[in-house]
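I opened this notebook to keep a record of what I looked up in the structure, in the order in which I looked. The entries go from local backbone geometry to side-chain pairs and then to the core.

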Amino acid sequence: MQPRFNFAKAAPDAYKAVAALEQYVQSSGLERRFIHLIKLRASQINGCAYCVDMHVKEARHDGLSEQWINLMCVWRESPVYDARERALLGWVDAVTNIAKTGAPDADYETLKAHFSEKEMTEITVAIGAINIWNRLAVGFRSQHPIDAATKAA
């Protein structure tokens, strides 16, 4: 897979607009673990290797466990996530796949049981923001860096 072009250079004002939305998400007051959860789960769903690589590294840097990070792709089968995280994961899945799911009432009611209307709005904006980044990175084939090889134990 080859990169198509650098979208930030091609349309700097568009890039700045998306970056401004990202800055809002980062300063919204949402817990860091929730931002990591949103970014990583949506990026997994969207098949965005660039963003999965970035958000796994950021989650590790912020001290989230390898198990918490690694099991996110199979979150429904793992007890590692608490009730708030599970409600949020269900909403990320529903909103990221909105054309298929229609954001079901059951997922909304589960989210509503754990978050305020303000938080639900900020969560949904964060989901929208990472979906924009994913569409740019996947659409224009952004390449994640390759880490130095390590030897197996």
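Entry: I began with Ala103, which I found in the loop between α7 (98–101) and α8 (105–112); helices here are DSSP runs of H or I with at least four residues, strands are runs of E with at least two, and both are numbered from the N terminus. Before going on I noted that this is a predicted model, in which local features need pLDDT of at least 70 and side-chain atom pairs count only at pLDDT 80 or more, while totals for chains, interfaces and linings use all residues. I also noted that residues are numbered from 1 along each chain as its sequence is written, and that side-chain values use heavy atoms, with hydrogens and water left out.

Ala103 has a positive phi of about 55 degrees although it is not a glycine. I found a positive phi, of about 60 degrees, at Arg141 as well, which is not a glycine either, and I placed Arg141 in the segment after α9. Arg141 counts as partly exposed because its relative accessibility is 24%; the classes are buried for under 20% relative accessible area, exposed for over 50% and partly exposed in between, with a 1.4 Å probe and protein chains only.

**Entry: Lys39.** Is Lys39 buried or exposed? Lys39 lies in helix α3 (residues 32–45) and counts as buried, because its relative accessibility is 5%. I then looked for a polar partner and found that the side chains of Lys39 and Glu22 are joined by a polar contact of 2.7 Å; such a contact is a pair of N or O atoms within 3.5 Å, where within protein one must be able to donate a hydrogen and the other to accept it, and residues adjacent in sequence count only if both atoms are side-chain atoms. With neighbours within four places in sequence left aside, Lys39 is in contact (heavy atoms within 4.5 Å) with Glu22, Gln26, His55 and Ile130.

**Entry: cysteines.** I searched the whole structure for disulfides, meaning pairs of cysteine sulfur atoms within 2.5 Å, and the search gave 0. Cys48 is in no disulfide, and its nearest cysteine sulfur, that of Cys51, is 3.4 Å away. With a relative accessible area of 2%, Cys48 is buried. Cys73 is partly exposed, at a relative accessible area of 45%.

**Entry: aromatic rings.** I counted 7 aromatic pairs, taking rings of Phe, Tyr and Trp (its six-membered ring) as paired if their centres lie within 6.5 Å, and calling planes under 30 degrees apart stacked, over 60 edge-to-face and the rest tilted. One of the pairs is Phe7 with Phe140, which is tilted because the planes stand at 40 degrees, with the ring centres 6.2 Å apart. This pair links distant parts of the chain, 133 residues apart, with Phe7 in helix α1 (residues 7–10) and Phe140 in the segment after α9 (117–139). Phe7 is buried at 15% relative accessibility, whereas Phe140 is partly exposed at 26%.

Tyr15 and Trp133 form an edge-to-face pair, 5.6 Å centre to centre and with 65 degrees between the planes. Here too distant parts of the chain are linked, since Tyr15 is in helix α2 (residues 12–26) and Trp133 in helix α9, 118 residues apart. Tyr15 counts as partly exposed at 35%, and Trp133 as buried at 15%. Ring pairs link Phe5, Phe7, Tyr15, Trp133 and Phe140 into a cluster.

**Entry: nonpolar core.** I took a core to be a set of buried Ala, Val, Leu, Ile, Met, Phe, Trp, Tyr and Cys residues joined through side-chain atoms within 4.5 Å. The largest such core has 36 residues, and Ile38, Leu88 and Ile123 have the most contacts inside it. At least two residues come from each of α2, α3, α4 (49–61), α5 (66–70), α6 (83–96) and α9, and α9 gives the largest share, 9 residues. Leaving aside neighbours within four places in sequence, I listed the contacts of Ile38 as Leu88, Val92, Ile123, Ala126, Ile127 and Ile130.
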